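I opened the model today and kept notes as I went. The entries follow in the order I looked things up.

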Amino acid sequence: HYDFVSEYCLKNGYIAKYEKNKLNMNSTMSYREVEDLMRNVMGSDNFKWSNISNKMLYDKGIRSNSFNGYNNKITRGEAVYMLYLLNEWKI
């Protein structure tokens, strides 16, 4: 499954290979990188991480570390919550 997903993402330009043509699927991503990736995947500049973080704060009472800077790293929980919201919003 990993090979199919990474191959698909590379082929469609959603992600790029890192040093020495290796793809590091376990590396951390900043909120800025997530926002860029999602805009690329969605084919639209409408995606804003701030919409996700504000909804998370309002609904769950959890303050994202993105409020301290977009170069901070996203957590797995935030990534899962983002995907959940995108599915709910049918974007």
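**Entry 1: S53.** I started with S53 and asked for its burial. S53 has 2% relative accessibility, so it counts as buried, the cut-off being under 20%. I was reading a predicted model, and I kept that in mind throughout. I placed S53 in helix α3. I then looked at the polar end of its side chain. A polar atom there sits 3.2 Å from the backbone oxygen of S50. Setting aside residues up to four places away in sequence, I found S53 touching S64, S66 and F67.

**Entry 2: Y31.** Is Y31 buried or exposed? Y31 comes out at 0% relative accessibility and therefore counts as buried. I found Y31 in helix α2, which covers residues 31-42. Next I listed its partners, leaving out neighbours within four places in sequence. Y31 is in contact with W49, S64, N65, S66, G69, Y70, N72, K73, I74 and E78. I checked two of these pairs further. The side chains of Y31 and E78 are joined by a polar contact of 2.6 Å. For Y31 and K73, I noted 42 residues of separation in sequence but a C-alpha to C-alpha distance of 6.1 Å.

**Entry 3: α3 against α4.** I turned to how two helices pack. Two packed helices are described by the angle between their axes and the distance between the axes. Helix α3 spans residues 49-60 and helix α4 spans residues 76-89. I read an angle of about 95° between them, with the axes 10 Å apart. That angle makes α3 roughly perpendicular to α4.

Which residues of α3 and α4 meet? On the α3 side I wrote down W49, N51, I52, K55, M56, D59 and K60. On the α4 side I wrote down E78, Y81, M82, L85 and W89. I sorted the residues of this contact by type: seven are nonpolar, one is polar and four are charged.

**Entry 4: the whole chain.** The protein chain holds four helices and zero strands. Read from the N terminus, its elements run α-α-α-α. The chain has 91 residues, and 23% of them count as buried. I took contacts between residues at least 6 apart in sequence; 49% of these join residues at least 24 apart. The accessible surface comes to about 6800 Å². Carbon and sulfur atoms account for 50% of that surface.

Note on methods:
Residues numbered from 1 in each chain as written. Predicted model: local features only at pLDDT ≥ 70, side-chain atom pairs only at ≥ 80, totals over all residues. Heavy atoms only, no water. Axes fitted to C-alpha atoms, helices over the stretch in contact; angles between N-to-C directions. Helix = DSSP H or I, 4+ residues; strand = E, 2+ residues; numbered from the N terminus. Parallel < 35°, antiparallel > 145°, perpendicular 65-115°, else oblique. Contact = heavy atoms within 4.5 Å. Nonpolar A, V, L, I, M, F, W, Y, C, P; charged D, E, K, R; others polar. Buried < 20%, exposed > 50% of the residue type's maximum accessible area, 1.4 Å probe, protein only. Areas by Shrake-Rupley, 256 points an atom, 1.4 Å probe, with all protein chains shown as cover. Polar contact = N/O pair within 3.5 Å; in protein donor to acceptor, adjacent residues only side chain to side chain.
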